[in-house]
Amino acid sequence: MRVSKRASGALAVGAAFALVASGCSSGNSDGGDAGASKDGAITIHGVQPENPLVPANTTETGGGKIIDMMWTGLVEYPNNGGAPQNALADTIETKDSKVFNIKIKQNTKFHDGTPVKAKNFVDAWNWAAYSPNGAANGSFFSDIQGYEDVATSDPDGDGPQKAPPPKQEKMSGLKVLDDWSFEVTLAAPTAVFPTKLGYSAFMPLPDAFFTQKAEDFGKKPIGNGPVKFVSWQDNVEIKLTRFDDYTLRDKVKIKDVGIKLYQDENAAYSDLISGNLDFMETVPTSALAGEKYKADLGDRALNTVTPSTAFIAFPIYDKRFANKDLRKAVSLSIDRQAISDKIFFGTRKPADSWANPLTPGAPAGNCTSCKFDPAQAKELLAKAGGFTGEMVFYYNADSSHKDWMEAVAQQVKTNLNINARAEGVPTFAVFRQNINAYKMKGPYRAAWQQDYPDIENWVNPLFTSTGSSNDGKYANPAVDAGAKEASAAGSLEDSHKKFEEVLKLVDEDVPTIPIYFYGQQAGHSEKIKKLELTNVGELDLSSVEL
């Protein structure tokens, strides 16, 4: 999910991957005017981030895409979906996929002018993994030796007991070798580890971070990427500007970037059409009928696919949704093809697998409950003892989810005779706050945008009991054990095979419901003469020319 993805040079560990190309470009081959770009400004669509902008504590795309702009990691993921490539890393070397020697490029800077050194990675990773700090992405460091000594969990959930204090404050598997090199020792060989290193959890933090509260830093973040922070007005706009001391290859040509924080996608689309917004990542569903967005935007309309999936998630911590037969019944009662055709006009593909098929290692068609079978759904509902009361399906109302969520609720009502309806939560930030506080009172809209190109990213964060995005508190010891074994496989091929077996266990439990694979319809203003999208459909700032 890093900013620039057009570079050459594969990872030093030499891993090769295949992913369907999802980057796309717009504009003529000559690009724009260099002078206009140099001092130019653009405004792009955004939503209020859930939390202050700390990389290891950001798990949602509203804040995530801003972090992607402001930070550069050890590796990056090409726009065309190809193999991960070194970014800030000079070399990443290993002989056994257990001990990694990482050398970073010298004399790069944070936005406060301080140098990015090896210790800025080691200190950041130790901070994120240390559970008392509460970093949402802390579990991404569980591969590293000594993680279990710095991370403890609450033994009884929301009960009276508290998590015991960790034995250590730092992981034994991290060692600074010199200013520009550090060593990472994993608990077991993990072939996918270098692939993960472009994800935001693994970003470096400046020394200034450790002198203040994380939330204070996150309101005025200091990154090391091609643009730096200027200001943040809640629910209005976040302003960024070019970092002229940036020395890596994905420099931006434009000067200023404003992320306008909308509460209504239709209002954003109106701004796009009128020229008051320069880029919108996903047009609203109201613009899809009859390909209206193409008529509105002409050659400024973009159409691509991304490794992202829409789900319905269950609050399994609510005993009403603890029965897997009930969850499967709900899934089987949903006609995904009808939703694709009637709501999205064919721009979304009905989901039939647990990991997005654009992901390396992802098996196709392995979601047995993704078929539409009302008769079996009724049988499973009866087996589960039925459902008493109202089943409310929640979604965030500041994006285009109302139509398809209402369709889901209506299908459940019609096919299972459950008193079901959909209800919008005003903003994504509040919606996510409720999810993270485990306060959801019914099934809710969820989505997963691939953090890095490997099937592992569709299992460990979502379905292991300690996964950073296991928001419904799903737990299956067999899944945990299988995922641990798959993560520790010595080769990517073996790892992928083992994760495929883990997903068979997930399929039996139906902790969530895959609904559709994303297609992406985006648009830009006449001001932008050339741009590219990243492999996950975000705007690649380094490509923008005016």
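Nine of the 10 residues of helix H2 (residues 61-70) are buried, so this helix is largely enclosed by the rest of the structure. The model is a predicted one. The buried positions of H2 are Gly62, Gly63, Gly64, Lys65, Ile66, Ile67, Asp68, Met69 and Met70. At the start of H2, the backbone nitrogen of Gly62 has a side-chain oxygen of Glu60 within 2.7 Å.

Confidence was examined along the chain. The mean pLDDT of the protein is 91, with 93% of its residues at 70 or more. Residues 1-23 form a stretch in which pLDDT stays under 50. For this stretch the model has 104 contacts beyond four places in sequence.

An open sheet is built from four strands in the order E5-E6-E8-E7, and the pairing is antiparallel. Strands E5 (89-94) and E7 (174-178) stand at the edges with a single partner strand each, so one side of each is left without a neighbour in the sheet. From one strand to the next, the twist averages 20°. Helix H3 (residues 118-129) packs on this sheet and touches E6, E7 and E8. The direction of H3 makes about 170° with that of E7.

Strand E5 runs antiparallel to E6, and five bridges join the two. In this pair, Ala89 stands opposite Ile104 of E6. The hairpin of E5 and E6 has four residues between the strands, and Ser97 takes a positive phi near 60° there. Strand E6 (residues 99-104) also pairs with strand E8 (residues 181-185), in the antiparallel sense and over five bridges. Here Val99 is placed opposite Thr185 in E8. In general, the strands of a sheet pair through backbone hydrogen bonds, either parallel or antiparallel.

The structure holds one disulfide. This bond is formed by Cys367 and Cys370, whose sulfur atoms are 2.2 Å apart. The torsion about the S-S bond of Cys367 and Cys370 is about 80°, so the disulfide is right-handed. Cys367 and Cys370 are both buried.

Met280 lies in strand E12 (residues 279-280). With a relative accessibility of 0%, Met280 counts as buried. Beyond its neighbours within four places in sequence, Met280 is in contact with His45, Glu265, Ala268, Tyr269, Leu272, Ala522 and Gly523. Of these contacts, Gly523 is 243 residues from Met280 in sequence, yet the two are 5.5 Å apart in space, C-alpha to C-alpha.

Glu265, which is among the contacts of Met280, also makes a polar contact through its side chain with the side chain of Ser399 (3.4 Å). Ser399 is placed in the loop between strand E15 (390-396) and helix H12 (402-416). Its relative accessibility is 17%, and because buried means under 20%, Ser399 counts as buried.

Technical notes:
Residues are numbered from 1 along each chain as its sequence is written. Side-chain values use heavy atoms; hydrogens and water are left out. A disulfide is a pair of cysteine sulfur atoms within 2.5 Å. Buried means under 20% relative accessible area, exposed over 50%, partly exposed in between (1.4 Å probe, protein chains only). pLDDT is the predictor's confidence in each residue, from 0 to 100. Contact means heavy atoms within 4.5 Å. Two strands pair if DSSP finds at least two bridges between them. Axes are lines fitted to C-alpha atoms, for helices over the stretch in contact, and angles run from 0 to 180 degrees between N-to-C directions. A polar contact is a pair of N or O atoms within 3.5 Å; within protein, one must be able to donate a hydrogen and the other to accept it, and residues adjacent in sequence count only if both atoms are side-chain atoms.
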